[in-house]
Amino acid sequence: MAILVTGGAGFIGANFVRHWLASSDEVVVNLDKLTYAGNLESLAPLVADGRHRFVQGDICDAELVGSLLESYRPWAIVHFAAESHVDRSILGPGEFVRTNIEGTFTLLECARAYWSGLEADARSAFRFLHVSTDEVYGSLSADEPPFAESHRYEPNSPYSASKAASDHLARAWHQTYGLPVLTTNCSNNYGPFQFPEKLIPLVIVNALAGKPLPIYGDGCQVRDWLYVGDHCAAIRTVLTSGQIGETYNVGGWNEIANIDIVHTVCRLLDQVRPSPTGPYEQLIRFVADRPGHDRRYAIDARKIEQALGWRPAETFDSGIAKTVHWYLDHGAWVEHVQSGAYREWIARQYDAGSAP
Ligand code: NAD
Ligand code: TYD
């Protein structure tokens with residue numbers, strides 16, 4: 001038994017691979033291009049574990065994807081691989097269109113060809129889980145209800161537009177070809193192994209280095225934060241019990257303004273790693289706003305709770321405390337990411353392009 005995970009060296013993918021293998025002996029084939037966001041150091045304990053087969057490659061490479069499906073015969077594809085950072089999408093949208101749209105199209109086509117050729121039992125057991133974001137729904141005003149699965153699509157950034165397009169492709173491949181697709185639309189994740197250019201790890205890492213903590217605009221934009229381990233559990237639940245063709249919104253019931261996130265992180269750091277120069281909050285700097293910056297995201301996660309029994313296990317207080325401690329305890333991981341040394345680590349641990 002095997003599953004194919006794409007983007008399993010990224011933040012959520014690496015957490016998912018660890019989460020999956022903590023309670024399964026199935027082989028996980030991990031297809032990842034290792035862009036700046038892919039870091040095999042996040043999977044270090046699995047280097048010598050035969051259940052983890054890493055393959056460096058591009059989801060746009062149909063020949064490679066097809067050959068992996070034929071060799072490993074997975075019962076599921078869990079598709080994380082994407083360009084994921086809104087700020088990068090504003091500076092260079094091309095790679096977002098290529099990976100998020102063309103890459104998802106390629107995977108869907110390869111999955112369709114493979115699934116069509118399966119025996120009846122394997123065909124009915126097969127699943128394609130498309131991992132997406134709440135950002136496809138656009139921005140909420142302060143008094144609008146949270147995003148339900150039926151909310152209109154209204155993406156505002158090149159990132160969210162490319163993810164919206166990939167959601168539409170996934171939906172169409174189910175409606176038209178019957179491919180057994182499941183889609184999850186999740187809110188902002190935080191937790192271990194997140195690349196320190198996203199808000200929470202950026203603030204932790206910059207604060208510890210005595211660097212400015214940049215707040216875009218007035219800092220009153222609201223996100224619904226979910227601990228990454230809870231997202232992994234939700235994906236496992238949808239994969240094993242979700243209704244084919246359905247989409248499930250996944251969120252933490254934690255709407256928090258950016259400025260409050262930053263204050264919380266500063267206060268936690270003040271308690272556990274006080275700075276000799278005074279409270280970390282003095283490093284906060286308000287900077288120019290992000291163009292097209294969505295004001296508020298919030299998820300109505302009642303469907304996945306009522307239909308599948310999933311609820312987040314962490315509160316924001318418990319999750320953020322774990323996260324701050326994780327970054328304090330993993331200085332080497334942070335340092336390697338910042339210096340680019342994780343690439344040397346990969347070269348030492350892995351032969352390029354081959355499974356460990
Ligand atoms: P990430 O940027 O940390 O990781 C993405 C991974 O995909 C990296 O390992 C990268 O090397 C790989 N990748 C990129 N292009 C590739 C390609 N062409 N072929 C193969 N691999 C490629 O992203 P993340 O935060 O872990 O997000 C994973 C998924 O979850 C994405 O689809 C994202 O849209 C979705 N999502 C993220 C969040 C969040 O808060 N981070 C929330 C909801 C949904
Ligand atoms: P981010 O982590 O980039 O996630 P997303 O844009 O996908 O929600 O940003 C989270 C929020 O934090 C978003 O409203 C932008 C804001 N932000 C800052 O204020 N300063 C920063 O330096 C960063 C990276 C983000």
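So, which residues line the second largest cavity? Ala9, Gly10, Phe11, Ala37, Asn39, Ser42, Phe193, Phe195 and Trp333 do.

Quick housekeeping before I go on. This is a predicted model, where local features need pLDDT of at least 70, side-chain atom pairs count only at pLDDT 80 or more, and totals for chains, interfaces and linings use all residues. Residues are numbered from 1 along each chain as its sequence is written, chains are lettered from A and ligands numbered from 1 in the order in which they are written, and side-chain values use heavy atoms, with hydrogens and water left out.

Okay, cavities. By that I mean a set of points on a 1 Å grid over the protein atoms alone where a 1.4 Å probe fits but cannot get out, with lining residues having an atom within 4 Å of a point. Volume is the space filled by probe spheres set on the points, which are joined across faces, edges and corners. We've got two cavities of 30 Å³ or more. For classes, Ala, Val, Leu, Ile, Met, Phe, Trp, Tyr, Cys and Pro are nonpolar, Asp, Glu, Lys and Arg are charged, and the others, Gly among them, are polar.

The largest cavity has about 50 Å³ of space.

Now, ligand 1. There are 28 residues around it, and Ile12, Asp32, Ser84, Tyr159 and Lys163 come nearest; "around" here takes a heavy atom within 4 Å. On polar contacts (N or O pairs within 3.5 Å), a ligand nitrogen sits 3.0 Å from a polar backbone atom of lysine 33, and a ligand oxygen is 2.9 Å from one in phenylalanine 80. Threonine 99 uses its side chain: an N or O atom there is 3.0 Å from a ligand nitrogen. Taken alone, ligand 1 exposes 840 Å², and the protein buries 96% of that, by Shrake-Rupley with a 1.4 Å probe.

Which element gives the most to that shell? That's β5, with three residues. Helices here are DSSP runs of H or I, at least four residues, and strands are E runs of at least two, numbered from the N terminus. By class, the shell has 12 nonpolar, 12 polar and four charged residues.

Terms used: 1 Å grid on protein atoms, 1.4 Å probe; cavity = no way out; pocket = protein on both sides within 12 Å on 5 of 7 lines; lining within 4 Å. Polar contact = N/O pair within 3.5 Å; in protein donor to acceptor, adjacent residues only side chain to side chain.
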